[in-house]
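User: I'd like to learn how to read a few features of a protein model. Could you walk me through them?

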Amino acid sequence: MPRKFFKKFLPGDEAIRNNRTIARLGPWLQHHNLWHLHRRSVAGGVAVGLFAGLIPGSNPVQFTAGALLAIAFRANLPIAVLVTLYSNPFTIVPLYYIAFRLGQVALLESHGGVPPFPHGIHDMGFSEWLPAALHWFTSVGKPLLIGLPLLALLLALIGYFATLWTWRLYVRCAWNRRRRQRNAGRS
């Protein structure tokens with residue numbers, strides 16, 4: 001992959017060892033896979049980021065989860081944190097809907113779609129609105145609770161193997177291009 005381009009933005013080994021914040025955390029953040037761009041480390045970072053991106057909460061929660069999972073699995077830390085950004089205000093509703101439907105399939109529920117949100121909720125006071133919203137959330141909750149981890153695992157697996165495959169394809173194309181250039185130079 002274009003490692004030379006990305007390598008400009010990543011810290012070097014010496015910078016990591018000499019950083020005060022990282023030095024306090026000791027050997028956890030000094031593992032070479034956390035910072036280097038190679039096939040398995042980047043694929044692991046993508047998988048971890050895709051998994052952590054579906055953890056409910058805002059970006060700081062997902063960033064922290066992505067970083068902790070990257071440290072635990074020794075995957076590329078910056079890639080893991082960056083990939084969590086795929087879940088954003090524009091994509092979260094479709095992702096949660098897919099997770100809900102996946103949870104329904106896993107629970108063998110044949111209900112149509114998402115239960116309808118209570119009508120007239122805009123006219124309700126807070127004391128009426130809160131119980132109606134909680135009732136709706138509990139009807140959605142179980143399939144969503146099952147579907148979110150399933151979707152996160154599915155996306156992580158797809159991301160891991162797609163990254164490995166893309167990396168290998170890029171390397172193979174680069175080898176073929178260099179071989180053609182060498183053969184053209186000999187002719």
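User: Which helix does Arg-177 lie in?

Analyst: Bear in mind that this is a predicted model. Arg-177 belongs to helix α8, which covers residues 126-186.

User: Is Arg-177 buried, partly exposed or exposed?

Analyst: The general idea is a pair of cut-offs: under 20% relative accessible area is buried, over 50% is exposed, and partly exposed is in between. Arg-177 comes out at 39%, so it counts as partly exposed.

User: Now α4. Why is it described as largely enclosed by the rest of the structure?

Analyst: Count the buried residues: eleven of the 14 in α4 qualify, so the helix is largely enclosed. Among them are Val-42, Val-46, Val-48 and Leu-50, along with Gly-44, Gly-45 and Gly-49.

User: How does the reach of α4 compare with what's expected?

Analyst: Helix α4 spans residues 39-52, and its first and last C-alpha are 20 Å apart, close to the 20 Å expected at 1.5 Å a residue.

User: Zooming out, how many helices and strands does the chain have?

Analyst: Eight helices and zero strands. As for burial, 30% of the chain's 187 residues are buried.

Methods. Residues are numbered from 1 along each chain as its sequence is written. This is a predicted model: local features need pLDDT of at least 70, side-chain atom pairs count only at pLDDT 80 or more; totals for chains, interfaces and linings use all residues. Side-chain values use heavy atoms; hydrogens and water are left out. Helices (H or I, at least four residues) and strands (E, at least two) are DSSP runs, numbered from the N terminus. Buried means under 20% relative accessible area, exposed over 50%, partly exposed in between (1.4 Å probe, protein chains only). The expected span of a helix is 1.5 Å times one less than its number of residues.
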